[in-house]
Amino acid sequence: MAGPHAVTVPSEGDQLSGLLYVPDGPGPHPAVVLAGGWCYVKEVAQPLFAEVFAEAGLAALVIDYRHFGESTGHPRRHIDPWRQIEDYRNAISYLQARDDVDGARIGAWGISYSGGHVLILGAVDPRVRAVCSVVPVIDGWDNLRLSHGTVSFRALRAALEEARTRLFETGEHTYIDHQPVELGAVGTFPFPASRDTFARIKGTEAPGYVGNATAQSTEMLLAYSVRPFLTRLVATPTLMCVAEGDDHTHWDLAAEAFDAIPGPRKKFHVVPRSTHLTLYEDVEVRRETAKVAAAWFTEHI
């Protein structure tokens, strides 16, 4: 397999920066679209999954959402989940237009926040033949309320209210840290250890990562839920990979969501002795999880 090459995907007037991995051998190839979680750029965790997919004979397209990384879009670092899902859909359209891709055999992969996005995508877009959802966000309100606890959650909501007032009065966005600098400080996800992990990732893999997003992004997260879409996944083979000790996106919420998906064409894969951060910190665990996902896509798309 040759290294990935840069591509540009149009999405509602903006341009998405992408990396396309194409397997060796003649096409057209089945393909998978990959995009990241909260504040991610395309270099965070995803390239290794894409490499494993290409080694298994699957083309893989990794994208920066609008507002992030090398993609266009303003304000910067603005996370609208529905726009992000639309970016996935436009990436699928891009793949379908390529001669080296089999447009009838396309899957969708997501991690953390985008692990939720692909559950919605698999429910609403019939072009998605199979889904892999890794440590997904299931419901933003439940996720943050459980993660923060009462006092921290109250402080976060107060910060969002203040930011909304400022935006109305001045037109200026307030930015909320991805993770706080210390326990008790305001951050969307209240885990200082995660901040350390992402600082390392920024230094070694993803220099374009910036660890904050607009306050409106967190407001939209609190209104986000995949639950209304789960029963529609009956027609879409769905793999859900969770970390055994995940208290960032809560593997019990993921298990409950998995149970709500009807039919037999689903699989629940548990990464043992792990946390949410294991998939970012342990390359071999990430590679083994990628192999599970590659086998799923190979079977179902």
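In which sense do β3 and β5 pair, and over how many bridges? The two strands pair in the parallel sense over six bridges, where strands count as paired if DSSP finds at least two bridges between them, and where helices (H or I, at least four residues) and strands (E, at least two) are DSSP runs numbered from the N terminus. Within this pairing, leucine 34 has tryptophan 109 of β5 as its bridge partner.

The model is predicted, with local features needing pLDDT of at least 70 and side-chain atom pairs counting only at pLDDT 80 or more, while totals for chains, interfaces and linings use all residues. Residues are numbered from 1 along each chain as its sequence is written, and side-chain values use heavy atoms, with hydrogens and water left out.

β3 and β5 belong to an open sheet of eight strands with mixed pairing, in the order β1-β2-β4-β3-β5-β6-β9-β10. Its edge strands, each pairing on one side only, are β1 (5-11) and β10 (266-271). On average, and with direction ignored, neighbouring strands of this sheet are turned by 25° against each other; axes here are lines fitted to C-alpha atoms, for helices over the stretch in contact, and angles run from 0 to 180 degrees between N-to-C directions.

| Strands | Sense | Bridges |
|---|---|---|
| β1 and β2 | antiparallel | seven bridges |
| β2 and β4 | antiparallel | four bridges |
| β3 and β4 | parallel | four bridges |

Individual residues place these pairings: valine 7 has glycine 18 of β2 as its bridge partner, leucine 19 is partnered by valine 62 in β4, and valine 32 by alanine 60, also in β4. The hairpin of β1 and β2 has two residues between the strands, and in it glutamate 12 takes a positive phi near 55°.

Helix α1 (residues 46-55) lies across β2 (14-21), β3, β4 and β5 (101-111), running at about 170° to β3, with contact taken as heavy atoms within 4.5 Å. Together, β3, α1 and β4 make a right-handed β-α-β unit, the hand being right if, with the strands pointing away from the viewer, the path from the first strand over the helix to the second runs clockwise.

Burial can be described for two of these strands. Seven of the seven residues of β3 are buried, buried meaning under 20% relative accessible area, exposed over 50% and partly exposed in between (1.4 Å probe, protein chains only). In β2, seven of the eight residues are buried, so this strand is largely enclosed by the rest of the structure.
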